[in-house]
Amino acid sequence: MSWHVSPLWSPWLELGGWLIGGTWCVRANSILRQLPTLPDLSAPGWDVATERELSLVVVVPACNEAETIGASLDCLLAADYPSLYVLAVDDRSTDTTGAILDDYAAKHPERIGALHITDLPDGWLGKVHAMQAAVDATRSEFVLFTDADVLFSPSVLRRAMAYAEMEDTDHLVVMPTAQVKSRGEGMILGFFQLLGFWAARPWKVADDRAHDAIGVGAFNLVRRSALEEMGGLMPQRLTVIEDVTIARRIKAAGLKSRLAFAPGLVLVHWAKGARGVIRVMTKNLFSGFGFNPFLLAGAALWIVVFFLLPLLGLAWLPTVLPALLVLLSMASMYRVIGEYSLIDALYGWAAPLGAVMFLYAMLRSLAYTWWRGGIEWRGTVYPVSELRSFNDPFHWMREGMERRHRMKNAAPSRLRRWVDRWKR
């Protein structure tokens, strides 16, 4: 079976098919070549200690996390990194989270502290405020921001700190391993990880000239001096995806950012089932587009064109080959990325269904936000008008471009440098 296409549209559709197929091949080739160049902290070579003792505070903000916080704190207590202190923040919980934190702090006062927040100042998101409160209450060379449902292997903090010391970095993201417990979770998370490699190139995170920035809430390690240089978390006090914003601010400030993999060493279970994952995405996705419906619509259209239209290309002879190139590229990317994320590459067969589920989550996030006139976050409702300027995805990119432009103009020209050397 082959579609009948008007001769007027035929050459344009064929050209479009080859452009899409070619773009997929270029990105797949980059991933196949570049991902193996990134460090894998689970490798035996990274089973080392830091040369000098670097103090580390792990900040665990928690709001109604009674079901998961205990397991997370147990993992941190088992960590073999010596200069470690954990500060767990009870952010206005209404369940037994606060009592659990107090119990751990009483039993392990040298390793765990509990901070209770009862009031939220105006103009702050609860989680960001909890993170800043923890930073203000501690002193250490490095701060690791994580979540209350993350499980750490005993050695991952030591390995990560050794890598951060070797690279003398200001910011380190260790990509977590998603625990996939159902087919629905695998389909949508498999697609989400693939989409992430289109949004940002991990191998470009270390390139100061590139805009690529990646932040992950499960493991966002920041040098305290860098955080203070950027003004702490105050400039992003109303950002919903605070982890990515930290990464963008690091790049905009010209500070050093690094990314590493550690398959199986940092575990996180997003939510139960595909419905649970979609519910989690509902409160975050629209904010990722700066609460701009046109940006979200453009991204949705791009997903349709790049992930769904190639399937239709299989039904028209002139676009069969480029459509097959797309599917082959997609399969190879699922396989290579899966070696690090541990999400089964077989979920690549369900990528179109994952794309449909993700599109639904995007539209659901848009509809819920506009219906409510804002978002509800940890019991507080924030209007879109108040959030939009703090969640602009291009704000820190522009800051970085302006900084690089100023540095370029301030630097002497090649002729000026030659004249100066000649005079000396």
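## A loop residue to start with

Arg92 sits in the loop that connects strand S2 (84-91) with helix H3 (97-107); helices (H or I, at least four residues) and strands (E, at least two) are DSSP runs, numbered from the N terminus. Arg92 is not a glycine, yet its phi is positive, about 60°. Most residues other than glycine have a negative phi.

Phe291 is another such residue: it is not a glycine and has a positive phi of about 55°. Look for Phe291 in the loop between helix H9 (273-282) and helix H10 (293-313).

## About the model

This is a predicted model, in which local features need pLDDT of at least 70 and side-chain atom pairs count only at pLDDT 80 or more, while totals for chains, interfaces and linings use all residues. Residues are numbered from 1 along each chain as its sequence is written, and side-chain values use heavy atoms, with hydrogens and water left out.

## Two domains

The chain is assigned domain 1 (38-268) and domain 2 (274-384), with bounds that come from an automatic or database domain assignment. Taken over C-alpha atoms, the centres of domain 1 and domain 2 are 25 Å apart.

## Where the domains meet

How much area do domain 1 and domain 2 bury between them? The value is about 3,100 Å², with 77% of it on carbon and sulfur atoms. Buried area here is the accessible area (1.4 Å probe) that two parts lose on being put together, summed over both. In contact (heavy atoms within 4.5 Å) are 35 residues of domain 1 and 35 residues of domain 2.

Between the domains, the count of salt bridges is 0; a salt bridge is a side-chain nitrogen of Lys or Arg within 4 Å of a carboxyl oxygen of Asp or Glu. On the side of domain 1 that touches domain 2, strand S1 (56-62), helix H4 (126-136), strand S7 (177-178) and helix H6 (183-199) each supply at least two residues. H6 gives the largest share of that side, 15 residues.

Two strands pair if DSSP finds at least two bridges between them.

S5 and strand S10 (residues 266-268) run antiparallel and are joined by 3 bridges. To find one of the partners, go to Leu151, whose bridge partner in S10 is Leu267.
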